Amino acid sequence: MNKIKIGFIILLIPLLAFVSHKYYISSTKIEFKKESETVQITMHFFIDDLQETINSTYNKNIELALPNEPKLIDSLIINYISKKFEVDLNGINKDYLYIGKEYKIDEIYLYLEIKNIDSINSIEVKNNMLMETFPDQQNIIQLYINNIKKTFLLTNQKDKDLLNF
């Protein structure tokens, strides 16, 4: 009986190795604040995923979430976002302002803002962040615009989506 149990465990261990799979996912909340004429953007990533991507993209060896981070880290993050994340409002590509970042345990939140927006008739979002490092990366975009809530799922196969109002 014990030999059967031991044999079963020996067969089960290699199978469990395939069950352990890391998911690569981020979320981005985009909210239109009509009263302040701004679009507020909050991006949410796992620190290690963003760190690995920035290190491989820029051939660096930085570590995020350390006390007294050098300003270089913000510069690298800003540069990376500008190459991988785009927002078109009413058919026009919009620049956004990097407000800052915040760390919470093993997560990083990035804050962006688009100013002087009085109305939105359409929004197109492109987000292929982390996809060059993690081909299975999925970026969830949550839109809160004109009293409408909509969610996009962006992947390597489809890294942008459009919503008309």
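In the predicted model, strands β1 and β2, the latter spanning residues 38–46, pair in the antiparallel sense over 7 bridges. Within this pairing, I30 has I41 as its bridge partner in β2, and S27 stands opposite H44 of β2. The two strands form a hairpin with 4 residues between them, in which E37 takes a positive phi near 55°.

Strand β1 itself comprises residues 25–33, and its residues divide between two faces: S26, T28, I30 and F32 belong to the covered face, whereas I25, S27, K29, E31 and K33 belong to the uncovered one. Strand β1 also pairs with β8, which is formed by residues 138–145, and here the sense is parallel, again over 7 bridges. In this second pairing S27 stands opposite I140 of β8, so that residue S27 has a counterpart in β8 as well as one in β2, namely H44.

These pairings form part of an open sheet of 6 strands, arranged in the order β5-β6-β2-β1-β8-β9 and with mixed pairing. From one strand to the next, the twist averages 15°.

The relation between the two helices was considered next. Two packed helices are described by the angle between their axes and by the distance between those axes. Helix α2 (residues 47–58) and helix α3 (residues 71–84) pack at an angle of about 85°, and their axes are 11 Å apart. Because angles of 65 to 115 degrees count as roughly perpendicular, α2 is described as roughly perpendicular to α3. On the side of α2 the contact is made by L50, T53, I54, T57 and Y58, and on the side of α3 by L76, I77, N79, Y80 and K83. Sorted by class, the contact of α2 with α3 has 6 nonpolar, 3 polar and 1 charged residues.

Helix α2 also contains N55. This residue has a relative accessible area of 13%, and N55 therefore counts as buried, the cut-off for that class being under 20%. When residues up to four places away in sequence are not counted, N55 touches K60, N61 and I62.

Aromatic rings were examined as well, and the count comes to 2 aromatic pairs. In the pair of Y24 and F134, the ring centres are 4.1 Å apart and the planes stand at 15°, so the pair is stacked, since planes under 30 degrees apart fall into that class. Y24 lies in the loop between α1 (2–19) and β1, while F134 lies in the loop between β7 (122–127) and β8, and the pair therefore ties together parts that are 110 residues apart in sequence. F134 has a relative accessibility of 6% and so counts as buried.

Methods:
Residues numbered from 1 in each chain as written. Predicted model: local features only at pLDDT ≥ 70, side-chain atom pairs only at ≥ 80, totals over all residues. Heavy atoms only, no water. Buried < 20%, exposed > 50% of the residue type's maximum accessible area, 1.4 Å probe, protein only. Pairing = 2+ DSSP bridges. Axes fitted to C-alpha atoms, helices over the stretch in contact; angles between N-to-C directions. Parallel < 35°, antiparallel > 145°, perpendicular 65-115°, else oblique. Contact = heavy atoms within 4.5 Å. Nonpolar A, V, L, I, M, F, W, Y, C, P; charged D, E, K, R; others polar. Phe/Tyr/Trp six-rings, centres within 6.5 Å; stacked < 30°, edge-to-face > 60°.
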